[in-house]
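User: I am new to this structure and would like to learn how to read it. Please take me through it one feature at a time.

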Amino acid sequence: MARNEQPYSDTAGAGWVDGIPPAPLPTVPANLFIFSIKTKGLRNFLRRVHTIFTRFGFSERRGANGLHAIVDALEPYGAGPTFYVPGVVLQRHPQLMAGIAARGAEIGLHGDVHVDYRLLDRAGQYEHTERAIAIFDRHSMPWQGFRNPYLGWTSGSVVDCAELGVAYDSNEAVDHDISGLNLIQPELASGYSLSLSLYQALPCTAYNLRPRREDGLVRVPISIPDDEMLFDRLRLNVATVGQVWSVVMQKVYDLGGVYALNLHPERGMLCRGALDTLLQYAARLPLPVWLDRMDAIADWWRRRCQATLQVTPSGEGRWDVTADAPDEAVLLVRNLTVDDAPSEEWFGSDRLVRARRVHVQADRCPVVALSERTPPPVAAFLREQGYPVVCVTEEESAAYALYLDEPEGLGLDRRERAARCSRLVQLVETAEVPLVRLGLWPNGSRAALAISSDVDSITVQDFLLRILEWRDIRNARQGQARQS
Ligand SMILES: [Zn+2]
């Protein structure tokens, strides 16, 4: 997903996201090198060529070292990374990728060739995903997840992935604004901004940092800045990158989300020190941070969302709370008394209860009540955040700890929805009223951490072939345009 190689820069925000049609085919000269020199300048272009030949080799050795370095970093923690691999790259390096999978890494789909899906029509996207899956199947490589090259997802590709059997995707970028850390030199700021705009990143909020179910997929957000932005765009050293990732980890922890870090194996050796700093930081946080692969995180989210939490009256000011949930799920309670099970201090006002059924005391029913005119998606959304929800009349509302009237629902487009859901999560999670809910993460973890990596190329040949692959797609699209 290294955007330095991306042969265009004017398509940000113009994909099929939220019904917006795909961008017109970018005008790219036949010779990508001339284009690259024009857009980056000769000095930067030569710098880039030098970098390519120092990070990739003609054999698999350097690429393999980068992959193993990431696996090595996670091994002491009993966890594995997730590598998203284009079908053609898996096809060229099946034994290497099988060896990496055998060491506990998840291998996920990353398109057939490394093309931005926003440049393909719906049928073209479908064919690419199908071809990628066929290659994985041919090499007996299990797959669960999909990450679009360049994070170039579209609403159509989400639906198609679910239809083709993909369990989750990881494409929604969340921007951890690092401008306050004074690390961006003025002369490098524009390149950094370009990366941000290409990703169509959402602001960092508690809601945006959580997975969500959509069109049959679990969608796990990905956090930026990634290794490319920090090492190449901002030219930071390893120690500083480790500090930045630790600052981001702290923020994700405070907001109770998932930190899906993205690396590229060609920087695997370079990243190793920063990765160690991040993993050590996460392990030292007061509450556990769940470190696992993306497929495990998506699977957990799906299972937890199927859990139910019943709150029924059992006497004056007393409530019976029953969870039908996976074994690893925990109850969280705040501003109420638990009668028949121990509770532990957890985070903020929330206390943790490791029981499936408890009796609690509270002056009002400790659930979220919604007005009758609040549309059903709001209730579904709050349940996904772990809260028991009921719909009540205004007269009944005084009996409930929290009453919300949200007649406008969650909004229609992506950004509106993100803003409204973020506001709702903030409102409910900071309300100092009696509430019970299911914890978002297993075994009382405060947050989740996944180390993911896009394996766009292993060798110099892979890197150069990407130019030809992209040219083939461009020619095919031009052919289609002429026929129509
Ligand atoms: Zn990629």
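**Reading the chain**

User: How should I read the surface area?

Analyst: Accessible areas come from the Shrake-Rupley method with a 1.4 Å probe. This chain exposes about 19,600 Å², and carbon and sulfur atoms supply 52% of that area. The model is predicted: local features need pLDDT of at least 70, side-chain atom pairs count only at pLDDT 80 or more, and totals for chains, interfaces and linings use all residues. Residues are numbered from 1 along each chain as its sequence is written, and side-chain values use heavy atoms, leaving out hydrogens and water.

User: What is the mean pLDDT of the chain?

Analyst: pLDDT is the predictor's confidence in each residue, from 0 to 100. Here the mean is 87, with 88% of residues at 70 or more.

User: Where does pLDDT stay under 50?

Analyst: Where pLDDT is low, the predicted coordinates should not be read in detail. That applies to residues 1-31, where pLDDT stays under 50. The model still has 96 contacts (heavy atoms within 4.5 Å) beyond four places in sequence for this stretch.

User: How do strands form a sheet?

Analyst: Strands are DSSP runs of E, at least two residues long, numbered from the N terminus; two strands pair if DSSP finds at least two bridges between them. In this chain, 3 strands form an open parallel sheet in the order 6-5-9. Strand 6 (202-203) and strand 9 (222-224) are at the edges with a single partner strand each, so one side of each has no neighbour in the sheet. Strand 5 (residues 173-175) pairs with strand 6 over 2 bridges.

User: Which residue stands opposite aspartate 175?

Analyst: Proline 203 in strand 6 does.

Methods:
Helix = DSSP H or I, 4+ residues; strand = E, 2+ residues; numbered from the N terminus.
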